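Here is a short briefing to read alongside the model. Let's walk through a few of its features together.

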Amino acid sequence: MSWFSHGAQPVQTETEAFWYLNLTSEQQAAYDKLLEHLKEARGLHKGHDDRFTLLRFLKARQWDVQRAAAMYQNMVKWRIDQHADHLYETFVFAEREEVLRHYPHFYHNTDKYGRPIYIELLGQTDPSRMLEATTLDRLVHYHICEVENLMRRILPACSALAGRPIITKSVILDMRGVSMKTFGSAAQKILKTVIAIDQDYYCETLGQMFIINTPTVFRVIWAVVNPLLEERTRRKIVILGSDFLPTIKQLVPLEKLPTFLGGSSKVPDGLVSIGPWTEVQLPSSPAAATAASSPAAATSPKDLQKGVAGTGAGMWEKEQDCAAASCENGGDGGRGHSDPPAVDVKATTVMGPPPALHQSATAPGRLARLGNDDEE
C-alpha cells in the first residue's frame, strides 16, 4: 500500500500486471505440484480448474503448494455450499435500481493493460438506506453474482480483445463526500462480509486500486478497514488526495477516464457500465460461460501470448496437462478440465444479457470495499 498526498506515485508495471505470464522456474514448479496434487485428490472443480485459477490461489498463498491447495479446496466447498453456479443463473435482484441509488458503482472502459476499470462513488453511498431497500443476505448474493459476471463474461471478453489473458481488474474508489456517517455500523457489517468472500474465494482478481479524494476522516476509516485486509491486498492500494490525476493517468488514459475524474470519457446517464467487452460475442450457455471464467490456459507462456483471433489456439486452448483428471466436485466426464469457449472476436453484437440480475452489467457489488480480494 502507498499513502501519498502530493505528486505522481508509481503504478504497476506491465511485468507486475501480467505476473501470471512471467513465472519463475520455481513458480512453474509450484503450479505443476499443485495441479498434480489436486488431480490425485480428485479435487479439481469444473469451471475452476484452469491454469490461471490455480495460479491465483498459489499467489494468494505465497506459492506454498499445501496452503494453496487448502485454500482452493475451501473455495470449492464454499461454492457447493452456496450453490454459486445456481445462484448466478437464477438470482433476480429486483431491488437493484433502488440499491444503486444509494450505492453508485459501475465499470467504465479499460486501463492501458486492457483490464476493466471498476468505480465506486463512496461519498454518495448510504449503507443504511441500502439495507432498507434489501437485506444483507440478498446484498451478499448480489455481490457474488456480480463477481461471477466479472469472471465469466467481462474478463474473458477483455482477454479476447487484448489478445492475451486478462485476469484482474483496476479499481477506483472515490471518497469525495465520505463521512463517519457513511461508514457507520451498516457499512462496516457489509464491508466485513464482502472482504472475507473476496479474499478467500475470489483471490487475486485485483490488479491495482486507487482510493482518491480521501478526506481527513479517512484515517479513522482506514484504521478499521486495514486489519481486514491481507498484506497482499494492501500492497496494491495507492491512497491519494484530490491531486490524484497525475498518478491515475499513468495507468488509465485520459480518453478512458470519466469526465468527473478529469478524463474525457462521458459516463452514460444512470452510471451504466460501458466497456469494449460489448464488442465480443461470448457463449450464451451457462456451461460455456463457466468455461470462459478465466482465459483457458495454453501449454506454454509463448502460446498464451499468441492471441486468439482466427487461430482457435493460444490462450483459449485447452490445457493439456489437466486433461487426464476427473473433477470429483461437479465432474466433467473424466476430462478433468473445462473446455475452451468459442469466441467471436470480430462480433459487433453486444453480449446477450446474463441472468435477470445482470441486465446492465455493472460491477462486482462490493460496498466501499477498500480492499478487494487480492494478490501478491
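Turned away from the buried side of helix H10, one face carries Arg 219 and Ala 223, both exposed (over 50% relative accessible area, with buried meaning under 20% and partly exposed in between, for a 1.4 Å probe and protein chains only). This is a predicted model, in which local features need pLDDT of at least 70 and side-chain atom pairs count only at pLDDT 80 or more, while totals for chains, interfaces and linings use all residues. Residues are numbered from 1 along each chain as its sequence is written, and side-chain values use heavy atoms, leaving out hydrogens and water.

**Helix H10**
- Helices are DSSP runs (H or I, at least four residues), numbered from the N terminus.
- H10 spans residues 218-225, and its buried residues are Phe 218, Ile 221, Trp 222 and Val 225.
- These buried residues fall within an arc of 100° seen down the axis of H10, so they line one face of the helix; the arc is taken from the directions from the helix axis to the C-beta atoms.

**H4 against H9**
- Helix H4 (residues 65-82) packs on helix H9 (residues 185-201) at an angle of about 125°, with the axes 9 Å apart.
- That angle makes H4 oblique to H9 (under 35 degrees is roughly parallel, over 145 roughly antiparallel, 65 to 115 roughly perpendicular, and the rest oblique).
- Axes here are lines fitted to C-alpha atoms, for helices over the stretch in contact, and angles run from 0 to 180 degrees between N-to-C directions.
- H4 brings Met 71, Asn 74, Met 75 and Trp 78 to the contact, and H9 brings Ile 197, Gln 199, Asp 200 and Tyr 201 (contact means heavy atoms within 4.5 Å).
- Gln 199 of helix H9 is buried, with a relative accessible area of 4%.
- The C-alpha atoms of Gln 199 and Glu 230 are separated by 7.8 Å, although the two are 31 residues apart along the chain.

**The core around Leu 58**
- Leu 58, Ile 172, Phe 210 and Ile 211 touch the most other members of the largest nonpolar core, which has 98 residues.
- Helix H8 (residues 136-162) gives the most to this core, with 14 residues.
- Not counting residues up to four places away in sequence, Leu 58 touches Ala 30, Tyr 31, Leu 34, Trp 63, Asp 64, Val 65 and Ala 68.

**Positive phi in two loops**
- Most residues other than glycine have a negative phi.
- Trp 63, in the loop between helix H3 (51-60) and H4, has a positive phi of about 65°.
- His 83 has a positive phi of about 50° and lies in the loop between H4 and helix H5 (84-90).
- His 83 is exposed, with a relative accessible area of 54%.

Technical notes:
Core = buried A, V, L, I, M, F, W, Y, C linked by side-chain atoms within 4.5 Å.
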